[in-house]
Amino acid sequence: MGHLLSKNGYRLKKRTRKLHHRKKKKRNCFLQLPCMLCFIVHSNSSGLDDDSDHLEAGANGSACRRNSITGIGLPGVGGVGIAAASKLAERYATLASPEDCSKYLLSPRELAIWEGQGRSLLAAVPAKLIPPPVLFRTAGVSVTVSIPVPVPVPGCTSDYTEMVCKRKCSEVQRCTPCKQPRCAFAAPDGGLDNGGVGGGGGEAASNSETGHCHLPLCPLPSSSSASSSSSSSASSSSSSPADGCCGPGLHADLPHSSDSSPCCLHPYDDCQARTSDAPDHSSINHLPSSILLKVLSHLTVKERCLCASLVCKYWRDLCLDFQFWKQIDLSGLQQVNDDLLVKIASRRQNVTEINISDCRGVHDHGVSSLASHCPGLQKYTAYRCKQLGDTSLSALATHCHLLVKVHVGNQDKLTDEALKKLGEHCSELKDIHLGQCYSITDEGMVALARGCPKLQRLYLQENKLVTDRSVRAVAEHCPELQFVGFMGCPVTSQGVIHLTALRNLNVLDLRHISELNNETVMEVVRKCRNLSSLNLCLNWSINDRCVEIIAKEGRSLKELYLVSCKITDHALIAIGQYSSTIETVDAGWCKDITDQGATQIAQSSKSLRYLGLMRCDKVNEETVERLVVQYPHIVFSTVMQDCKRTLERAYQMGWSPNTSNTS
């Protein structure tokens, strides 16, 4: 459609020209947005000039009047304008199409009448030409024309939407229109109290029918603010916000009244409108990437891959950061297969640690591919991967010369060939776990010990083909050993005695050694002065005399495990009497332990913190209850005490018997 207002109007004589013979001139529009009606400003309109002059004279005498229909102050509109408005309404009634609107010329003075009496004028316009309510902004005042719903006209709808037309003005800051609430204050007489003093009673009643007033969407500086600030009425209790959405000093020209407030214009609404378009810096994505990486590092690989990486592309990139793929823990994930390992190896060649324990879908091919692509691999863990054999471990030894940790417990197919490869290529190896690898023999263990002199931790369990020869080779070639375990291996005291050469030995696990005598154990304790933990469980040969020597000679000993050993109360009494360092004693399943031994060690030992009495049937539960009260710093382990502690932890975690029954 055409323009609503134009700066370059044409005179009446130019309207008779035949515009179709030449191209129409482009008019500079007052407004920036398209308008619904096509009214063109004419500088010398006839027919209503007299009324307009009369209206201007009346405006000089009532400059401070307000029109109660609009709800916003409109200077220069009084009773004279009503008569002129009726004439304008007659002209509106003759309009039948937008083309007729383009031929209808309206002077600026007539425009003031149209703005001031918008309801009366537009009520007479045909329904198809009625636009939504429009906000006009003049040079010094913000004027809102509120168009109430007239009497229903056939073919007319009552659902109007607002369309804002912004005037091009260099003095006004551009801003996004702020959404303001529509509201009104009920006057005592049942009308709407908007603070206006001008206008007739009928107009006020029509305004009350609308039930609301419009506030300017973007408050503009008021041209009358300077004059009103000097008047006595402007210094009354009325107030207007100094800071609108357009910045400081921009405010609406609200009516001044001593008994009413402005129409629901609250600074909080402006603040909310200002901040709604501002960037949201409270989002977690505004944190530095280093902090986000630290947060994501507390998640498991499964949580990062299946949850965090699906949040957004930024989080996906963070989850793919190289530092998360240095240490990869895939243990227990049955979805892991050779293809996944190949992809990881091809994309992340900086992997230094990987754990594929209990991954039944991984085979030698996948591990070999990983080894070939990740030469910097240092730690490899694969417990209970029975499908893996020598090929995978040999590939790791060949390509990953920096290996320092290899835990391959419970791999039945592993043989001496893999151990020979480790001894040949991995001289930096420090930690190896070969428990329940039943095919390993002394030949492989000797080759491993000779090739890995820096070995510090060695653990074997139930390796039935490992004998004293392996123990001797380890003791001779690996002087830096600190942790040694031969649980259930067919070694004897003749092999164990070689461990006395290990001056740095800290932890010794000799559980279930069939041929282990007391003299060998006592000699090891005497020679290994740094020994802090000794496990002699399931050795029926260990007696009270051996325990007494251990308590006397073990100057650094803190943990002593004697489950199912042939000891009595004298062993416990000796520990309490001779040892000042032992903190943990486990004497479970020792049938000859009685109340006397438990009481004596609790009374005499100054360092004891844990005493295991599980299934020591000669120890009464009443005695244990009394010891728990007398020595609260000691944890006594019996069936009843362990059950109580378990229930207590469950209660602390929120468990209750009722919820357990319902579930």
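Modeller: Ground rule before we start: rings of Phe, Tyr and Trp pair if their centres lie within 6.5 Å. This is a predicted model, and by that rule the count comes to 2 aromatic pairs.

Biologist: What makes Y459 and F483 an aromatic pair, and why is it called tilted?

Modeller: Their centres are 6.3 Å apart, and the limit is 6.5 Å, so they pair. The planes sit at 45°; under 30 degrees would be stacked and over 60 edge-to-face, so the label left is tilted.

Biologist: And what does the pair tie together?

Modeller: Y459 belongs to strand 13 (residues 457-461) and F483 to strand 14 (residues 483-487), so parts 24 residues apart in sequence are tied together.

Biologist: How do you know how helix 15 and helix 16 are oriented to each other?

Modeller: Again from the angle: helix 15 (residues 416-425) and helix 16 (residues 442-451) pack at about 10°, axes 8 Å apart. With the cut-off at 35 degrees, they are therefore roughly parallel. Helix 15 brings D416, L419, K420, L422 and G423, while helix 16 brings E443, G444, M445, A447, L448 and G451. That contact splits into 5 nonpolar, 3 polar and 3 charged residues.

Biologist: What makes helix 22 and helix 23 roughly parallel or antiparallel?

Modeller: The axes of helix 22 (residues 595-604) and helix 23 (residues 621-630) cross at roughly 10° and come within 10 Å. Antiparallel would need over 145 degrees and parallel under 35, so roughly parallel it is. D595, A598, T599 and A602 in helix 22 meet T623, R626 and L627 in helix 23, a set of 3 nonpolar, 2 polar and 2 charged residues.

Biologist: Last one: what volume does the largest pocket have, and which residues are closest to its centre?

Modeller: About 650 Å³. Of the 22 lining residues, C305, L320, W325, L340 and I344 are closest to the centre. Helix 10 (301-306), helix 11 (313-319) and helix 12 (338-347) each give two or more residues to the lining.

Biologist: How do the lining residues divide by class?

Modeller: Into 12 nonpolar, 3 polar and 7 charged.

Key: Residues numbered from 1 in each chain as written. Predicted model: local features only at pLDDT ≥ 70, side-chain atom pairs only at ≥ 80, totals over all residues. Heavy atoms only, no water. 1 Å grid on protein atoms, 1.4 Å probe; cavity = no way out; pocket = protein on both sides within 12 Å on 5 of 7 lines; lining within 4 Å. Points joined across faces, edges and corners; volume = space filled by probe spheres on them. Helix = DSSP H or I, 4+ residues; strand = E, 2+ residues; numbered from the N terminus. Nonpolar A, V, L, I, M, F, W, Y, C, P; charged D, E, K, R; others polar. Axes fitted to C-alpha atoms, helices over the stretch in contact; angles between N-to-C directions. Parallel < 35°, antiparallel > 145°, perpendicular 65-115°, else oblique. Contact = heavy atoms within 4.5 Å. Phe/Tyr/Trp six-rings, centres within 6.5 Å; stacked < 30°, edge-to-face > 60°.
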